[in-house]
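The points below are grouped by topic.

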Amino acid sequence: MYKKTARAGLALILAAAALYAPAQEVKLSGAGATFPYPLYSKWFNEYNKLHPEIKINYQSIGSGGGIRQFSEGTVDFGATDGPMTDAQLAGSKVQPVRHLPMTLGAVVPIYNLPAKGLKFSGETLAGIFLGEIKTWNDPRIAKDNPSASLSSDSITVVHRADGSGTTYCFVDYLAKVSHEWKEKVGPAATSVTWPAGLGSKGNEGVAGTVKSIPGSIGYVELIYATQNKINYGAMKNAAGEFVTADLASVSAAAATAKIPSDYRVSITNAAGKGVYPISTFTWLLVTAKARDAKKDATLKAFLNWAMTDGQSFAEALGYARLPADLAKRELADIQKLP
Amino acid sequence: LNPFARRFRAGDLLFRGATAICSGSVLLLLLLLTAMLVRGAWPALAAHGWRFALSPDWDPSGEHYGGLTFIYGTLYTSLIALAIALPLGIMTAVYLVEIAPRGLRGPLALAVEMLAAIPSVLFGLWGIFVLVPKLRWLEAEYLGKYFGKLPLFDGPPIGIGFLAAGVLLAIMVLPLIVSVTREVILQVPVAQREAAYALGATRWEVIRLAVLPYGWRGIFGAGMLALARALGETMAVTMVIGNTPQIKASLFAPGYTLASVIANEFSEAPSDLAVASLISLGLILFILSIGVNGLAQLLLRWLGKKYGGGTR
C-alpha cells in the first residue's frame with residue numbers, strides 16, 4: 001500500500017519534470033583560467049537570458065587544469081591565460097586544437113609604500129624579483145623616480161605560490177627584458193623557481209600580503225590592484241615611455257602586436273607607443289573536430305556572440321576589449337568551426 | 001516466541017551487523033587511502049626513488065622534485081608550536097584545576113574549549129592582520145636588534161615565516177593540550193594530594209611532586225596529539241609561513257610545509273610528474289602523522305610497563 005503510493009508519486013514527479021523541462025535544453029561545460037572568470041560568468045549569464053535553453057557550466061579551476069581537462073576531452077571547451085605549448089598540443093587527445101583570444105588583461109607591480117605611481121623599467125623590476133635590488137633607495141630605482149622620496153627600507157618580494165597565468169605573463173615579460181632573468185629563472189611558465197621572496201596563493205593572497213608588509217612588492221592582475229586600492233607602478237615600454245596600465249594601454253598592446261594565425265602569441269613588451277608592456281590575451285580552447293552536432297552549433301553561436309555583443313561587457317569588469325580588426329579575424333575563424 | 005520478541009531479535013542482529021560494517025569500513029578506508037596515495041605517488045617515486053624525501057630541490061620548470069624543504073618546514077613549525085604550547089597548556093590546566101577560584105574554573109575551561117571551535121582560516125586571517133605585524137615589530141625592535149647575531153634570529157624581520165606559523169599553530173593546539181591535561185590532572189586521586197599536604201608540602205610542591213608526575217603519561221599523550229594536529233594543519237599555516245621552499249635555521253625566515261604546498265600547487269600543477277610529486281608529499285605527511293601517533297603509543301606502552309603508575 002505504502003509502496004504503491006510512493007511509486008505513483010514518483011511517476012507523477014517524473015512526468016511533471018518531463019513536461020516542465022524545455023524541449024531543446026543544451027548544456028555545455030568548460031573549465032580553466034580563473035582570471036577571466038568574472039567576465040565569462042557574466043557572459044554565460046547574459047547568454048542564458050537570451051537563450052534560456054542553453055546552460056553553460058564553467059569551472060574556474062585554473063589554466064593548468066583547464067588545459068588538462070580539455071586535452072582529456074572531459075569538457076567541451078577549455079580556458080587558459082597562457083597558450084598551450086607545442087608539447088601540450090602534441091599530447092592532447094582532442095585534435096585539432098584552436099586557440100581563441102577572448103579578452104585582454106594586464107599584470108601590474110603593486111607595492112606597499114606611500115609614494116604613488118612609481119616608475120619601473122623592466123631591468124629594474126627583474127633586479128628586484130631576482131633579489132639583487134634589496135632596498136628602495138637603490139640607485140637603479142631612484143634613476144627612474146627622481147622626484148620620489150625613497151627610504152632605505154628593505155624590499156620584500158611577494159610572488160604567487162600556486163601556478164598561475166598571471167605568473168606566466170609576468171615572468172614572460174621579465175624573461176624578455178632581462179637576460180639575467182632568462183638565464184637564472186628560465187622562460188615563461190605558470191610556476192617557476194623564485195630566486196627571492198614570499199609566496200602567496202591567488203591574486204587576492206598576493207594583494208593581501210603586500211598590503212600587510214610595508215616595503216613589499218608583488219604582482220597582480222590590474223583589477224585586483226584597483227579593487228584593493230593598492231599603489232601600482234608604471235612600466236617602461238619598448239618605445240621607452242612609462243605607461244600606467246589601463247584599458248586603453250592594454251588594448252593598444254594587442255593592436256600593435258603581430259598576431260599569428262593560431263593566435264598563440266605573447267604580447268608582453270609589444271612595440272609601439274602608448275602600449276602597456278605586461279599585457280596578455282586570455283584564450284578559450286576549442287576543437288575544430290565535429291563532435292556532438294547540437295553542442296558544436298551551440299558553442300559556435302556563443303563564440304560569435306562573445307566576439308561581438310559580448311565584448312561590450314568587458315570594460316565594466318576591468319577587462320580590455322579586443323581590437324576591432326582582431327575580433328573580425330576571429331569571427332572569420334569561428335565560422336570555420338563545425 | 002511472540003512476534004514482537006522475534007522482531008526485537010532481528011533488530012538486534014541488524015544493529016550488530018551495522019556496527020560491524022561501520023567499524024570495518026574505517027579500517028577499509030585507511031587501507032584504500034594508503035593504496036590511493038601510493039598509486040598516485042608512484043610516478044614520482046619511480047622517477048626520483050627514495051631520494052625524493054632527501055632532495056631539497058623543488059623546481060617546477062626543470063621538473064626536479066624533492067620533499068626535504070617541506071618535511072623540514074613541517075617539523076620545524078610543529079616543534080616551535082609544541083615548545084610554546086606545551087608549557088603554556090600545562091600551566092593553564094594546572095591553574096584551571098588547582099589554583100583558579102572555583103567560580104572561575106567552569107567559564108575559563110569553556111573559553112579554552114571555544115578556542116578549538118574557531119575555523120582555521122579565521123586563525124589565518126587573524127595571523128595575517130594581527131599576529132604578523134606584532135611579530136614584525138618584535139623581530140625588528142628586540143629579537144633581531146639584540147640577538148641578531150644568533151642564527152636563530154638572523155635575517156630581515158618580515159613577520160611572515162617559521163615563527164609566525166609556529167605561534168599560530170601553538171594557539172591552535174593549545175585547547176587540545178589544556179583539555180587533555182586538565183582531564184589527566186582531575187584523575188589524580190584526592191588522597192594523593194592530601195597526603196602531600198599532610199607532609200607539609202607547599203602548593204607548588206604538591207603540584208610538582210604529587211600531581212604532575214602522576215599524570216605525565218597523559219600529558220605526553222596530549223603533546224603527541226597536538227603534534228599530529230600541528231603536522232597536518234594547512235590553511236592557517238599557508239597564510240603566514242611565506243610559502244618558500246628553503247631550509248633555514250632562522251625563525252624569521254619564510255618556509256613551506258607539506259600540507260601547504262599540496263594545498264597551493266595541486267590545482268595548478270603543471271605536469272603529471274608534478275601531480276605525482278605532490279601526492280608523494282601527501283604520502284610523506286601521512287607516514288609522518290601515523291608514525292608520530294604509532295611511536296607515541298609504543299613509547300607510552302613501553303614506559304608504562306617499565307615504570308607503571310599514571311592514568312590509563
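In which loop of chain A does Pro96(A) lie? Pro96(A) is placed in the loop between helix 4 (86–91) and strand 4 (97–111) of chain A; helices (H or I, at least four residues) and strands (E, at least two) are DSSP runs, numbered from the N terminus. The model is predicted: local features need pLDDT of at least 70, side-chain atom pairs count only at pLDDT 80 or more, and totals for chains, interfaces and linings use all residues. Residues are numbered from 1 along each chain as its sequence is written, chains are lettered from A and ligands numbered from 1 in the order in which they are written, and side-chain values use heavy atoms, with hydrogens and water left out.

**Confidence**
- The model has an ipTM of 0.81 and a pTM of 0.83.
- The mean pLDDT of chain B is 89, and 95% of its residues score at least 70; pLDDT is the predictor's confidence in each residue, from 0 to 100.

**Architecture of chain B**
- Chain B contains ten helices and two strands, in the order α-β-β-α-α-α-α-α-α-α-α-α from the N terminus on.
- The C-alpha trace of chain B spans about 70 × 65 × 40 Å along its principal axes.

**Interface of chain B and chain A**
- The contact (heavy atoms within 4.5 Å) involves 22 residues from chain B and 24 residues from chain A.
- Between them, the two chains bury about 1800 Å², 46% of it on carbon and sulfur atoms; buried area is the accessible area (1.4 Å probe) that two parts lose on being put together, summed over both.
- On the chain B side, Arg136(B), Asn264(B) and Glu268(B) lose the most area to chain A, together 29% of what that side buries.
- Strand 1 (58–59), helix 4 (120–147), helix 9 (258–265) and helix 10 of chain B each give two or more residues to the side that touches chain A.
- Helix 9 of chain B supplies the largest share of that side, three residues.
- By class, that side has eleven nonpolar, six polar and five charged residues; Ala, Val, Leu, Ile, Met, Phe, Trp, Tyr, Cys and Pro count as nonpolar, Asp, Glu, Lys and Arg as charged, and the others, Gly among them, as polar.

**Side-chain pairs**
- Over all chains, the whole structure has 16 salt bridges.
- Glu132(A) forms a salt bridge with Lys184(A), with the closest N and O atoms 3.0 Å apart.
- Glu132(A) lies in the loop between helix 5 (122–129) and helix 6 (139–144) of chain A and Lys184(A) in helix 8 (residues 179–184) of chain A, so this pair ties together parts that are 52 residues apart in sequence.

**Backbone features of chain A**
- The peptide bond from Gln95(A) to Pro96(A) is cis, with omega near -15°.
- Lys229(A) has a positive phi of about 55°, although it is not a glycine.
- Lys229(A) is located in the loop between helix 10 (222–227) and strand 9 (234–236) of chain A.

Conventions:
Salt bridge = Lys/Arg side-chain N within 4 Å of Asp/Glu carboxyl O.
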